[in-house]
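Student: Hi, I've just opened this one. Please walk me through it.

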Amino acid sequence: AELADYQQRKRKVFEDNLRKNRMVVSHWIKYAQWEESQKEIQRARSIWERALDNEHRNITIWLKYAEMEMKNKQVNHARNLWDRAVTIMPRVNQFWYKYTYMEEMLDNVAGARQVFERWMEWQPEEQAWQTYVNFELRYKEIDRAREIYERFVYVHPDVKNWIKFARFEESHGFVHGARRVFERAVEFFGEDYIDERLFIAFARFEEGQKEHDRARVIYKYALDHLSKDRTQELYKAYTIHEKKYGDRAGIEDVIVSKRKFQYEQEVAANPQNYDAWFDYLRLIEGTVIYL
């Protein structure tokens, strides 16, 4: 009787607070969590539902509500709740992360994969795709992970993502696959949008395979097709490669190319810099004589 009296008084206080201001989210949360502490799960659920009726786009309410269901091992209720949440607000990644995590913790791998697929239809942020890849790799599903990467690099066509894709292939022993990804990336970006990072990564990959002639060809191709102001790191990488694996002529060739680039920059910045012009001429003359 005392417990029932205490509960009745507490509920009256909570209800009075809600009548005063239904828009204060903390009132709903405290009320529902108090009912949960009294082992009144059905009552707590009813309060959460009222809170959602009052403000159905409040992320905190959805998260706290689902947390209660999972904590009390109400799996079907939690699943239904996540399903409603991602349907109403599919751009809230937090819902998807928690939904997939719950299914995986329940060893429902197929169910988690279905949720991931629904999520990817919304073309989310890069980290979401990486999370999906990591999920498949935990279950040794290399082919599935590759298929995710195939879609990922077109949804987020950044150079770094193509490089990640190639490194994924390389790390799993697919050397030809990695090379093909790099080649496709070069084709994809074309000359207008190409980035020196891609060529450096491609050349270093070939260097790692001890394909030094291939690496050299990549460096030279890049220097021929990239504008001079976008090749600073490329020259550095090429110079390091030649010092490690090239002969004297190769090293000198890189150094001459680099100096030409520096002189071109100097005379472009200041056409009256005659010292730079003369140094540039002497370099060209020396190169011609050497040839």
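Student: Let's begin with W48 and Y65: buried or exposed?
Tutor: W48 is buried, and Y65 is buried too (under 20% relative accessible area with a 1.4 Å probe and protein chains only; over 50% is exposed, and partly exposed is in between). Keep in mind that this is a predicted model, where local features need pLDDT of at least 70 and side-chain atom pairs need 80 or more, while totals for chains, interfaces and linings use all residues. Residues are numbered from 1 along each chain as its sequence is written, and side-chain values use heavy atoms, without hydrogens or water.

Student: Got it. How many aromatic pairs are there in the whole structure?
Tutor: A search of the whole structure turns up 24 aromatic pairs. A pair here is two rings of Phe, Tyr or Trp (its six-membered ring) with centres within 6.5 Å; planes under 30 degrees apart are stacked, over 60 edge-to-face, and the rest tilted.

Student: And what sort of pair do W48 and Y65 make?
Tutor: Their ring centres are 5.9 Å apart and their planes sit at 15°, so W48 and Y65 are stacked. W48 belongs to helix α3 and Y65 to helix α4, so the pair ties together parts that are 17 residues apart in sequence. Helices are DSSP runs (H or I, at least four residues; strands are E, at least two), numbered from the N terminus.

Student: How about Y154 and W162, what kind of pair is that?
Tutor: That one is edge-to-face, because the planes are at 80°, with the centres 5.7 Å apart. Y154 is partly exposed at 46% relative accessible area, whereas W162 is buried at 1%.

Student: Which residues form an aromatic cluster?
Tutor: W96, Y97, F116, W119, Y132, F135 and Y139 form one.

Student: Let me zoom out. How many helices and strands does the protein have?
Tutor: It has 16 helices and zero strands. Of the 291 residues, 41% are buried.

Student: Which residues of α2 are buried, and what covers them?
Tutor: V25, W28, I29, Y31, A32, W34, E35 and E36 are the buried ones. Their cover includes α1 (2-20), α3 (41-54) and α4 (59-71).

Student: How do the axes of α2 and α4 run?
Tutor: The two axes come within 11 Å and cross at roughly 5°, which means α2 is roughly parallel to α4. Axes are lines fitted to C-alpha atoms (for helices over the stretch in contact), with angles from 0 to 180 degrees between N-to-C directions; under 35 degrees is roughly parallel, over 145 roughly antiparallel, 65 to 115 roughly perpendicular, and the rest oblique. V25, I29, Q33 and E36 of α2 make the contact with T60, I61, K64, M68 and K71 of α4, where contact means heavy atoms within 4.5 Å.

Student: And H27, where is that?
Tutor: H27 is in helix α2, partly exposed at 23% relative accessible area. Leaving aside neighbours within four places in sequence, H27 touches N17, L18 and N21. The C-alpha atoms of H27 and E15, twelve residues apart along the chain, are 9.0 Å from each other.

Student: Last one: at what angle do α8 and α9 cross?
Tutor: Helix α8 (residues 126-138) and helix α9 (residues 142-155) cross at roughly 170°, with axes that come within 8 Å, so α8 is roughly antiparallel to α9. Their contact involves residues including W129, Y132 and L137 in α8 and I148, Y149 and F152 in α9. By class it has ten nonpolar, one polar and four charged residues (nonpolar: Ala, Val, Leu, Ile, Met, Phe, Trp, Tyr, Cys and Pro; charged: Asp, Glu, Lys and Arg; polar: the others, Gly among them).
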